[in-house]
Amino acid sequence: MRIRRILAAVFATAALAGLGLTGAATATAATATAVSVTPASVTPGECTDNGGTIDRSTPVLPTCRGGMYDGQTVD
């Protein structure tokens with residue numbers, strides 16, 4: 001009887017520890033995917049609100065110069 005109780009306690013502890021590791025791995029994966037990504041193009045308001053100016057002299061599309069979105073196209 002004592003062995004059964006010990007084995008049950010060991011299995012329960014292992015199961016709870018496994019759930020904890022799974023939760024930690026999920027939290028780590030969620031943190032890794034929450035990295036900030038700069039958009040391919042920004043709006044004129046986003047460019048100017050974040051310290052940039054709109055450069056309309058570029059051949060194809062206007063470009064944000066300076067600030068957080070430096071070098072991004074403005075649509």
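Modeller: Before we zoom in, one term: two residues are in contact when they have heavy atoms within 4.5 Å of each other. Keep in mind, too, that this is a predicted model. With that cut-off, take the contacts between residues at least 6 apart in sequence: 29% of them join residues at least 24 apart. The chain has two helices and four strands, and reading from the N terminus they come in the order α-β-α-β-β-β. Of its 75 residues, 13% count as buried. The accessible surface is about 5700 Å², and carbon and sulfur atoms hold 66% of that.

Now to your disulfide. The structure holds one, and it ties cysteine 47 to cysteine 64, with the sulfurs 2.1 Å apart. The two partners come from distant parts of the chain: cysteine 47 sits in helix 2, which covers residues 44-49, while cysteine 64 is in strand 3, 17 residues away. As for handedness, the torsion about the S-S bond is about 90 degrees, so the disulfide is right-handed.

Are these cysteines buried or exposed? Buried counts as under 20% relative accessible area. Cysteine 47 comes in at 1%, so it is buried. Cysteine 64 also has a relative accessible area of 1%, so the buried label applies there too.

What surrounds them? Both cysteines belong to the largest nonpolar core, a set of five residues that also takes in Val42, Tyr69 and Val74. Setting aside residues up to four places away in sequence, valine 74 touches Cys64 and Thr63, along with Pro62, Ile54, Pro44, Thr43 and Val42.

Threonine 63 has 8% relative accessibility, so it counts as buried. Its side chain makes a polar contact of 3.4 Å with the side chain of threonine 58. Leaving out neighbours within four places in sequence, threonine 63 is in contact with Thr53, Ile54, Asp55 and Thr58, and also with Gly71, Gln72, Thr73 and Val74. Ile54 turns up in the contacts of valine 74 as well.

Conventions
Residues are numbered from 1 along each chain as its sequence is written. This is a predicted model: local features need pLDDT of at least 70, side-chain atom pairs count only at pLDDT 80 or more; totals for chains, interfaces and linings use all residues. Side-chain values use heavy atoms; hydrogens and water are left out. Buried means under 20% relative accessible area, exposed over 50%, partly exposed in between (1.4 Å probe, protein chains only). Accessible areas come from the Shrake-Rupley method with a 1.4 Å probe; for residues, only the protein chains shown count as cover. A polar contact is a pair of N or O atoms within 3.5 Å; within protein, one must be able to donate a hydrogen and the other to accept it, and residues adjacent in sequence count only if both atoms are side-chain atoms. A nonpolar core is a set of buried Ala, Val, Leu, Ile, Met, Phe, Trp, Tyr and Cys residues joined through side-chain atoms within 4.5 Å. A disulfide is a pair of cysteine sulfur atoms within 2.5 Å.
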